[in-house]
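Dear colleague,

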Amino acid sequence: MQNRKNIFLTIYTIIFYIYIFAPIFLIFIFAWNKAEGYNFPLQGFTWEWFTKFFQDMNALKAIKNSIIIALTSATISTLLGASLTIGIIKSVKRHKTFLLTLLLLPVLMPSLTIGISSLVFFRTLNIPLGIPVVIISHVSISISYVFLIMMGRIEGIDLEIQEAALDLGANWFESLKDVVFPVILPAVLAGWLFSFMISWNEFIVTYFLIGPELTLPIYIFSQLRFGISPKVNVISVFITFFTIFIILLITATQTIYKKLRVRTINHFGNINN
Amino acid sequence: MKLAIVLIKFNNYIHNLIVIFTKSNINVILYYMSFISKYNKKIIYPALIWFIVFFIFPLFIIFIYSFATNYLFSKELHFTLKNFLLIFQKKHYLIILGRSIKISVITTIFSIFFSYPIAYFLAKKTKFDKILIVTLMIPFWINYLIRIFAWKLLLSENGILNQILLSLNIIDKPLKVLYSQTAVILGLIYTYTPMMVLPLYATISKIDNTLIEAARDLGASRVRAFFDITFKLSLTGIFAGTLLVFIPALGSFAIPAILGGTDSVMIGNIIENQFLHVGNWNFGSAFTLALAGLSIALILFYSKLFGLESIYKNREF
């Protein structure tokens with residue numbers, strides 16, 4: 001009986017993954033295809049689109065801008081979100097519900113609202129649109145998500161260790177930096193990663209605020225609007241391989257780190273014996 | 001940076017002073033603790049200030065715009081309800097509001113149904129859950145625009161879907177799926193279902209298996225145990241996933257623009273049109289506020305429906 005249910009779920013999972021990856025397969029196939037459309041039969045193998053991609057200054061600049069924006073907004077929003085989380089957990093007693101509701105508002109609204117309000121705000125104050133403005137808006141969205149994620153992860157952790165560190169002689173800054181921060185580091189990293197993902201994928205807000213500059217989603221949108229360009233397929237291939245590479249890198253680092261720890265503990269364990 | 005150094009030195013000084021006195025004076029300990037508490041309170045200020053300046057204040061500005069008729073610093077600025085009334089006067093806009101809600105609700109429901117088995121399988125039934133979750137996220141890094149465009153070509157009349165169905169003789173003529181509400185719904189489901197899997201997986205994996213075993217021991221059938229225990233405990237995850245699916249779907253305009261036709265114009269398209277092509281910022285602001293209000297109201301209603309207000313109301317942190 002158990003096996004029967006498992007088989008059903010397994011098949012469903014396989015079909016689901018095929019469904020998710022189907023467009024990706026298509027994109028991969030047509031990145032090397034000679035013809036420009038997505039039509040079968042295939043016209044032959046070519047690296048043409050790859051060379052065209054590396055010669056396209058706009059595409060490369062768009063990727064660079066997207067990375068800069070995502071890195072900056074992820075870092076800023078993680079800093080702000082982490083300090084917000086710790087501060088709220090440790091010291092906010094009155095008006096907590098009101099504050100939480102306020103902070104959850106960006107999550108409850110479509111990013112379109114934030115994009116429009118930011119557009120109106122910056123144009124009314126005559127601040128020029130461009131990358132800094134986009135970063136600011138991405139941070140505004142991400143702070144709430146970072147806060148939510150960190151709240152979810154920190155709940156099980158007892159933050160009284162800060163008081164303990166203070167009792168043992170640390171000053172306030174040290175108590176946070178050396179004691180609390182390493183404990184909440186996984187939550188901080190999760191928040192940073194989520195924030196990076198939000199910014200990297202965020203098209204709507206960027207669309208309204210980017211002005212004359214290019215980021216990857218904007219570049220893709222313009223390419224797709226005015227016709228098919230296989231260069232977007234090439235971009236997708238690179239992104240996929242890069243993501244897989246990063247995942248393998250992180251997994252390898254974790255494995256090596258764990259093995260080193262075990263070896264060190266064993267080593268020193270033997271000395272103590 | 002200098003300010004931070006000064007603050008730290010000051011804190012050190014105070015700290016040293018207090019350590020001398022702390023050993024014998026409980027009142028100073030309490031004072032010290034409240035001192036620390038004040039510092040802890042202070043670190044929320046940067047985020048709060050950012051939040052107020054770059055989120056609350058812009059909302060306030062479009063609030064003003066939506067009640068006005070002209071630009072903010074122009075001479076002929078007067079209060080008017082015309083913008084909001086326009087939404088209700090023209091049936092066109094009400095239809096679009098209703099249609100957007102309908103599309104988003106359908107998308108969310110299908111998302112829940114599609115993602116629940118996956119989340120359940122990954123959380124409970126397999127050892128490879130971490131690898132599979134990570135694999136699921138890989139397509140997410142390729143911008144959804146590209147994947148939606150691949151869908152566009154998949155669904156078009158010469159597209160692969162039609163080619164397969166035709167060659168298998170399931171249909172006689174190519175299906176006109178593209179440029180319809182169905183295509184938009186399909187695109188939205190495709191884009192946002194992975195977002196539903198994550199919170200569901202997180203919630204389901206926290207469910208203690210012993211609870212289910214206890215239910216089975218007390219005589220519940222597998223189905224009953226599932227609905228009474230697993231499903232009820234996963235409602236939090238469903239709620240979180242709904243936030244990540246319903247709200248972006250409600251405000252989307254790129255997917256309706258790419259996959260939809262004239263019968264699938266959504267709120268986002270109207271707003272984009274007003275701000276970037278028509279130039280009527282007043283009406284656009286009113287409509288944006290309507291979208292925001294609608295979104296918040298629907299989520300609050302939805303959470304009351306499931307009795308989930310406790311999630312954000314009185315949590316003990």
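Predicted model: local features only at pLDDT ≥ 70, side-chain atom pairs only at ≥ 80, totals over all residues.

Residues are numbered from 1 along each chain as its sequence is written, and chains are lettered from A and ligands numbered from 1 in the order in which they are written.

To stay with helix α14 of chain B, which spans residues 267–278 (helices being DSSP runs of H or I of at least four residues, numbered from the N terminus), its buried residues are Ile267(B), Gly268(B), Ile270(B), Ile271(B), Glu272(B), Gln274(B) and Phe275(B). Here a residue is buried if 20 or more other C-beta atoms, placed from the backbone, lie within 10 Å of its own, exposed if 12 or fewer do, and partly exposed in between. The cover over these buried residues includes α5 of chain A as well as α5 (91–125), α12 (235–251), α13 (254–259) and α15 of chain B.

Two residues other than glycine also have a positive phi. Asn126(A), with a phi of about 60 degrees, sits in the loop between α5 (111–124) and α6 (131–154) of chain A, and it is exposed, with 7 other C-beta atoms within 10 Å. Tyr179(B), whose phi is near 60 degrees, belongs to the loop between α8 (160–167) and α9 (181–205) of chain B, and it counts as partly exposed, with 18 C-beta neighbours inside 10 Å.

Between the chains, 70 residues of chain B are in contact with 68 residues of chain A, contact meaning that the C-beta atoms of two residues, placed from the backbone, lie within 7 Å. Helix α3 (residues 45–66) of chain B supplies the largest share of the chain B side, 12 residues. By class, that side has 51 nonpolar, 15 polar and 4 charged residues, where Ala, Val, Leu, Ile, Met, Phe, Trp, Tyr, Cys and Pro count as nonpolar, Asp, Glu, Lys and Arg as charged, and the others, Gly among them, as polar.

Within chain B, an automatic or database domain assignment gives domain 1 (2–66) and domain 2 (91–311). Their C-alpha centres lie 41 Å apart, and 4 residues of domain 1 are in contact with 6 residues of domain 2.

Helix α3(B) also meets helix α15 (residues 281–305) of chain B, their axes coming within 7 Å and crossing at roughly 120 degrees; axes are lines fitted to C-alpha atoms over the stretch in contact, and angles run from 0 to 180 degrees between N-to-C directions. The two helices are therefore oblique to each other, given that angles under 35 degrees count as roughly parallel, over 145 as roughly antiparallel, 65 to 115 as roughly perpendicular and the rest as oblique. On the α3(B) side the residues are Ile62(B), Phe63(B), Tyr65(B) and Ser66(B). The residues of this contact divide into 6 nonpolar, 4 polar and no charged.

In chain A, helix α3 (residues 57–91) packs with α6(A) at an angle of about 45 degrees, the axes being 6 Å apart, which makes this pair oblique as well. The contact of α3(A) with α6(A) has 16 nonpolar, 9 polar and no charged residues.

With best wishes
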